[in-house]
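Reader: Hi, I have a protein model open and I'm new to this. Can you walk me through it?

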Amino acid sequence: MNRLLFSVLKRVSNLAVLLSFGLIGISACSGEMAPQACLAPCYEAEAAVLRGAFVISESDLASGNAYVRTPERLETDISDHMEVPDPNDRLEFRLTEKPGTYAIKVWVAGKDLASDSFYVRVNDEPYFVYSFNNTGAIETYPEFIADFVRHGNDDPKLFVLDEQATLTFYLREAGAALDKLELIPR
Ligand SMILES: [Ca+2]
């Protein structure tokens, strides 16, 4: 091999090494990117107003790396409220959207049939039971599944919202978890 050819090959080889390091670097950066928090009309549960039994937990599986839950009975003395909600145990979303009719898409999780429901209400309207096992989505913990807020086995409930509305989730079964929600125009 003559000296000129050797020199050219060496330069090409060095360039290839630099390129491969560069590509590896880009790939590593992409792989390490944390999940992004959702953007409007999406609301992270951990950014809502928490009262009483509701707490924030961290998880790589959750949007924004966090979600909200009510600790299970074995962890604390928190009990289920199967008859009526306790107004002190609540998760409150302050919604700001274009007035209109919306379905509410939620990302929820529960360990079993004893941790898969909330009470839900908008503003001062009557509350209702939202149980996410009705769609067959049980034992999803720790992964979240997408569902729509609904009463019993009904179709997704439609909400007529003003520009500003308050959407409240109350504790019904300890252990139920909510990652985020999104307003879907209907
Ligand atoms: Ca979240």
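Reader: What holds strands together in general?

Author: Strands of a sheet pair through backbone hydrogen bonds, and the pairing is either parallel or antiparallel.

Reader: How many residues sit between the strands of the E7 and E8 hairpin?

Author: The hairpin has 5 residues between its strands. One of note is Asn 123, in the loop between E7 and E8. Asn 123 has a positive phi of about 50°, although it is not a glycine.

Reader: Why does Asn 123 count as partly exposed?

Author: Asn 123 has 13 C-beta neighbours inside 10 Å, so it counts as partly exposed. The exposed class stops at 12 or fewer.

Reader: Where else is there a positive phi on a residue that is not a glycine?

Author: Look at Asn 65, with a positive phi of about 65°. Asn 65 is in the loop between strand E3 (55-58) and strand E4. It counts as partly exposed because it has 15 C-beta neighbours inside 10 Å.

Reader: Back to the strands. What is the order in the open sheet of 5 strands?

Author: The order is E2-E5-E11-E7-E8, with antiparallel pairing. Strand E2 (49-51) and E8 are the edge strands, and each pairs on one side only. From one strand to the next, the twist averages 25°.

Reader: How many bridges does E11 make with E5, and how many with E7?

Author: E5 and E11 pair over 7 bridges, in the antiparallel sense. There, Leu 91 has Phe 169 in E11 as its bridge partner. E7 and E11 also run antiparallel, joined by 5 bridges. On that side, Phe 118 has Leu 171 in E11 as its bridge partner.

Reader: New topic. How many residues are in the largest nonpolar core?

Author: The largest nonpolar core has 36 residues. Among those with the most contacts inside it are Val 68, Leu 91, Ile 104 and Val 108.

Reader: Which elements give two or more residues to this core?

Author: They are E4 (66-69), E5 (90-96), E6, E7, E10 (158-161), E11 and E12 (177-185). E6 gives the most, with 6 residues.

Reader: Why would nonpolar residues gather like that?

Author: In soluble globular proteins, nonpolar side chains tend to be buried together.

Reader: What is Val 108 in contact with, leaving aside neighbours within four places in sequence?

Author: Val 108 is in contact with Phe 132, Phe 144, Ile 145, Asp 147, Ala 177 and Leu 178. Ala 177 and Leu 178 are also listed with the most contacts inside the core.

Reader: What about Thr 101: buried or exposed?

Author: Thr 101 is in strand E6, residues 100-109. It counts as exposed because it has 11 C-beta neighbours inside 10 Å.

Reader: What does Thr 101 touch, not counting residues up to four places away?

Author: Thr 101 touches Leu 158, Val 160 and Arg 186. Now compare sequence with space. Thr 101 and Asp 162 are 61 residues apart in sequence, and their C-alpha atoms are 9.0 Å apart.

Reader: Which strand is Ala 146 in, and what is it in contact with?

Author: Ala 146 lies in strand E9, residues 145-148. Leaving aside neighbours within four places in sequence, Ala 146 is in contact with Lys 105 and Trp 107. It has 14 C-beta neighbours inside 10 Å, so it counts as partly exposed. The C-alpha atoms of Ala 146 and Asp 179 are separated by 9.7 Å, though the two are 33 residues apart along the chain.

Reader: One last thing. What is the mean pLDDT of the chain?

Author: This is a predicted model. The mean pLDDT of the protein chain is 81, and 73% of its residues reach 70 or more.

Reader: Where is the confidence lowest, and where highest?

Author: Helix H1, residues 3-31, is lowest, at a mean of 42. Strand E11, residues 164-171, is highest, at 97. Over residues 12-34, pLDDT stays under 50, and the model has 1 contact beyond four places in sequence for them.

Terms used
Residues numbered from 1 in each chain as written. Predicted model: local features only at pLDDT ≥ 70, side-chain atom pairs only at ≥ 80, totals over all residues. pLDDT = per-residue confidence, 0-100. Helix = DSSP H or I, 4+ residues; strand = E, 2+ residues; numbered from the N terminus. Contact = placed C-beta atoms within 7 Å. Pairing = 2+ DSSP bridges. Buried ≥ 20, exposed ≤ 12 C-beta atoms within 10 Å, placed from the backbone. Core = buried A, V, L, I, M, F, W, Y, C linked by C-beta atoms within 7 Å. Axes fitted to C-alpha atoms, helices over the stretch in contact; angles between N-to-C directions.
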